[in-house]
Structures are given as C-alpha cells and as structure tokens.
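Colleague: Before we discuss the packing of the helices and the surroundings of the ligand, could you put the model up for both of us?

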Amino acid sequence: MTTQNFNINQLVRDNVKKLKPYSSARDEYVSDGSEMVFLDANENPFENGVNRYPDPQQRSLKEVIADQKGIQPENILLGNGSDEVLDLIFRAFCEPKVDNIITLPPTYGMYKVLSEINIVNEREVLLTLDFQPDVDAILNTIDKHTKIIFLCSPNNPTGNSFQKEKIEKLLQAFHGLVIIDEAYIDFSEAPSWTNQLTSYPNLMITQTLSKAYGLAGIRLGLCIASEEIIRILNKIKPPYNVNELTQKRALQRILDQSSVQSEVKDILKERDKLNAFLKELSFVEQVYQSDANFILAKVDDANKRYDQLLAKGIVIRNRTTQPLCKNTLRFTVGTSEENKKLMNTLTILNSEL
Ligand SMILES: *Cc1c(COP(=O)(O)O)cnc(C)c1O
C-alpha cells in the first residue's frame, strides 16, 4: 500500500465520518500554563490530587512516549488497556453485519471476542505449522468488506515473531488496515514496526504497559498510526478514558527506563533457563522458541500436567483447545524464585513417570 492509492476515508464508517465529537470542558480550554480559576467543569474545588478531570489528550504522557519512540504525539492514541484501543478500532472502521476482519489462530482471543461484540464477521486463517502467517491464504480470504487483518507479533500463545517479509507483503497487498499487536515487543530482538509508519499508511500498531512495563493494574494501551487514523479514533474515544492516576503512574514508569530494562533483562535470563530446563523433561515433546515473556511447550498430556501443577499451587495456561496447540501449555516467566519453584515441581512430576 502506498500513500498515493490509500484513502483512509473509504474505510471509516459513515456514522463516524458524520459524527461531531463530544466536546468536554477540558477540550475547550487548553492551559497555557498561567494561573487560572477553573469554574468550567462542575468539579469539586477542594484539592485532593484527583478532584480535577484528567487531560483528555494526555499531552504530557504522549510527549514523552513520542520522544522515546521517535514519532509525533499526533501519531498516538492512548486507551484503557489495549483492549479499549482495539475496541475503538472496530467501532471506527467496521460496519456491523457488513464488514469482516481476518485473524490468524492460534492467537490472542480478544480479536474474536471484540468482533462478536461488534457484530463483525471474523474470518480465520490458521498460521502455518511453524506459526507463520499463510500469506497466500490470507490474500485469498480478503474481499471488498475486509477492513482489518490482525497480526500479533510476537504472537500469543506461540511466542514467535512473524517474518518481516510476510508482514511487508500483507501491508503492500491489502487495501485495508493491518494491525500489528506488539504487546510483547519489549522482550523481542526484532525491531518495532513504529518506525515504518511513513512507508505504510495502512499500518497500525498496538502496544501496552501491561507486560514488560509491569503496569497491568493501571490499564494503559497505545495505538500508534498515521495522524489521519489517530484523528478518527480520537473522534470516538470517551473523553476521559485514561484516568489521572494512570497518567501519572505511567509517566513515572516510562521515565524510569533503566528499571524497565533491568527487569526485562532478568525475565529474559529466566526465560532462557526455563527453556533449557523444559527441553530436558521426558514428558515434554517440544519447546517452542519464544520472543516473549512466556514459553509454549507441547507435553504428553496437557490436561493431566496442568492439573498436577495446579494441585502443587502453580497456575499456568492450558492451551490444548487452541488450533495447532494440542497438548500445549503456556508458562509465563516469573521471578527467579517462582521459576525455581516451577522447575522443582516439574522435576518431581518428571520422576513420577
Ligand atoms: C496481554 C496482551 C495484550 C494486553 O492487553 P491490555 O488490555 O493492554 O492489558 C494485548 N495483546 C496481546 C496479544 C496480549 O497478549
């Protein structure tokens, strides 16, 4: 897809195109830093740290993020977790009962759930046996109502990244939107697609502070895309979708890159340890290479092993019902202590064979 033959307006739902967005008090007045008396939003005037509405455009936070990623604040939309961001994308571009989207199972379950909530047909094109997108099959599945292809890279639950050439081919051949879900990008050696925005007008990237940044509890997700696309999403987002406590806490953490990087490094070290350990167990048949903070492994009997671990107080994810994932378990990488406990328990199970 090139800038010349891509027109985002052809992809936007008519009602969204016509929509006049809600204008909040804080949208109409933008502070220039001088001292003002705020009597515009019916807030309680007594200061407690959160008595004022938060900035609907999260300007301070976006400036820092944009600076770190080498993009503009206008390329960013923030939401209440990537789940809200993904829902906004459905509502902006997918006409219920008319449009469809393509997902590549086994993958993150929210794309399908959101498509059902929004009454948008979901077309599934299985990954190949090595968990890569089947580009020809995807291109054959596209029709004139296909609005979005969801690519999760590194993919959940398989852990691998998709080949650059395959993603490029889809970005070039598809006239709708290609969303790359980079929830696990900070654990991967592959570069983010954020620096490709200018090459592909149909590229959208989602990221989250829930994984590497360790802030799942505050709910902050990002969408990174062209200014045109972000402007459309901004039209339909709830005005105060990212609360003040989240904005403050996220800013603090994003500015503390050394802590984030040091935790990521520790997690990767533990992942490599666990990876080597799992390969030695006799009931483990295959350990899949991971670019994320979890490992997928194929075992003799996933239900049995899941129950055994649960009985010993360890909760993992049984993925056996997912396509191409029969008898697989997904292990999130914990602390060194947690990892030790997991490996000790697995050693006991292994000796009971
Ligand atoms: C965990 C995860 C997310 C994160 O969602 P949030 O709503 O931001 O917590 C997004 N995509 C994938 C593939 C994930 O695994």
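Colleague: What kind of crossing, left-handed or right-handed, does H11 make as it passes H12?

Modeller: H11 passes H12 in a right-handed crossing, a term used when the near helix is turned clockwise from the far one by less than a right angle, anticlockwise being left-handed. This is a predicted model, in which local features need pLDDT of at least 70 and side-chain atom pairs pLDDT 80 or more, while totals for chains, interfaces and linings use all residues. Residues are numbered from 1 along each chain, and side-chain values use heavy atoms, without hydrogens and water.

Colleague: Why is H11 called oblique to H12?

Modeller: Helix H11 (residues 302-311) and helix H12 (residues 336-351) pack at about 125 degrees, their axes 11 Å apart. That makes H11 oblique to H12, because angles under 35 degrees count as roughly parallel, over 145 as roughly antiparallel, 65 to 115 as roughly perpendicular and the rest as oblique.

Colleague: And what makes H4 and H8 roughly perpendicular?

Modeller: The axes of helix H4 (residues 81-93) and helix H8 (residues 227-236) come within 10 Å and cross at roughly 95 degrees, and the two helices are therefore roughly perpendicular to each other.

Colleague: How do you know that Ser82 has a polar atom by the ligand?

Modeller: A polar side-chain atom of Ser82 lies 2.6 Å from a ligand oxygen atom, and a polar contact is a pair of N or O atoms within 3.5 Å. An N or O atom in the side chain of Arg219 is likewise 2.6 Å from an oxygen atom of the ligand, and for a polar backbone atom of Asp83 the distance to a ligand oxygen is 3.2 Å.

Definitions and conventions
Axes are lines fitted to C-alpha atoms, for helices over the stretch in contact, and angles run from 0 to 180 degrees between N-to-C directions. Helices (H or I, at least four residues) and strands (E, at least two) are DSSP runs, numbered from the N terminus. A polar contact is a pair of N or O atoms within 3.5 Å; within protein, one must be able to donate a hydrogen and the other to accept it, and residues adjacent in sequence count only if both atoms are side-chain atoms.
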